[in-house]
Amino acid sequence: MPVTSTVASTVDWTTTPAAVWRRHRSGLRAIRRLDPVQWQALTGIDRQQQALARNTERFLAGQPSNNALLWGSRGTGKSSLIKALLNRYSDRGLRMIEVDKDDLVNLPEIVDDICDLSFRFVIFCDDLSFDVGESSYKALKSVLEGSLELPPENVRVYATSNRRHLMPEFMSDNLKSTMQDGELHPAEAIEEQVSLADRFGLQLSFYPFSQDVYLQAVDALFPEVPDREALHRHAIRFATGKGVRNGRTANQFYRQFAGHSFTRD
């Protein structure tokens, strides 16, 4: 059951750039230690940065803007990009509220309490996806496009997901599609899957890093290492052991080897 909240009275938005919804206290808690990731520290996602920055600047200026879905491979910078966005634009009135997927049922109440404030709010839903039988996405739909009441102008939803359509896709769903007069008519299950993602006007795709991009991320984390060849050899070996090249792997490599003296084998 959704819980009636008094969100606006629990957070001082003049001094608080971000908050997170806590279900057990039925309200927002100001985030005390923001992730300090900076915009210029992100590598390999220039296209996505430019598109999200342009949309956010339009939103802050009161111009038409879209809700955004960042989807694709794990560890490629989707969440880091949104965190860096807050650090870049909080001085211009951007505020952020993180809401877990399981708490989306409370989203209409959260939005009701901030819609008349002077700040511009991004609702951040990280790692968003829905399984068969879940219905909490219906509350998200009403905030994305409204129902009888239009969605508020000072609220946008930015979500990340490994799934392009946010919902599971099964081969059996495709088999239920039909062909009529030469036109393909998707099955109802496919229409439902696509309809939620379609409400995000800005959709940005993220793919696994090439080795060159991965090494660029490593170089940015180890600017003081003189022997780049030795550094790269260790970084490639680390990524091979994990079986994936992405920004997360580069950061994990840094946390394990920061301060290490790299020498050629």
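Is Arg156 buried or exposed in this structure? I looked up its relative accessible area, which is 9%, so I noted Arg156 as buried; here buried means under 20% relative accessible area, exposed means over 50%, and partly exposed lies in between, with a 1.4 Å probe and protein chains only.

**Before going on**

I reminded myself that this is a predicted model, in which local features need pLDDT of at least 70 and side-chain atom pairs count only at pLDDT 80 or more, while totals for chains, interfaces and linings use all residues. Residues are numbered from 1 along each chain as its sequence is written, and side-chain values use heavy atoms, with hydrogens and water left out.

**Overview**

I counted the secondary structure and found 10 helices and 9 strands, where helices (H or I, at least four residues) and strands (E, at least two) are DSSP runs numbered from the N terminus. Of the 265 residues in the protein, 46% are buried.

**Salt bridges**

I found 6 salt bridges in the structure, each being a side-chain nitrogen of Lys or Arg within 4 Å of a carboxyl oxygen of Asp or Glu. Arg156, where I began, has its side chain in a salt bridge with that of Glu153 (3.7 Å, N to O), and Glu153 counts as exposed at 56% relative accessibility.

I then turned to Arg23, which is linked with Asp100 and Asp103 in a network of salt bridges. The side chains of Arg23 and Asp100 meet at 3.7 Å, N to O. Because Arg23 lies in the loop between S1 and strand S2 (27-30), and Asp100 in the loop between strand S4 (94-98) and H4, this pair ties together parts that are 77 residues apart in sequence. For the salt bridge of Asp103 with Arg23, the closest N and O atoms are 3.1 Å apart, and this pair links parts of the chain 80 residues apart.

**Nonpolar cores**

I looked next for nonpolar cores, which are sets of buried Ala, Val, Leu, Ile, Met, Phe, Trp, Tyr and Cys residues joined through side-chain atoms within 4.5 Å. The largest has 31 residues, and Ile97, Ile123 and Leu140 have the most contacts inside it. Among the elements that each supply at least two residues of this core are strand S5 (120-125) and helix H5 (137-145). Leaving aside neighbours within four places in sequence, Ile123 touches residues including Ile97, Val99, Leu107 and Val155, and Arg156 is also one of its contacts. A second, separate core of 26 residues includes Leu60, Ala84, Val122 and Phe206.

**A helix pair**

Finally I looked at helix H8 (residues 211-221) and helix H9 (residues 228-242), which pack at an angle of about 115° with their axes 10 Å apart; axes are lines fitted to C-alpha atoms, for helices over the stretch in contact, and angles run from 0 to 180 degrees between N-to-C directions. Among the residues that meet are Tyr214 and Leu215 in H8, and Leu231 and Ala235 in H9.

Notes
Contact means heavy atoms within 4.5 Å.
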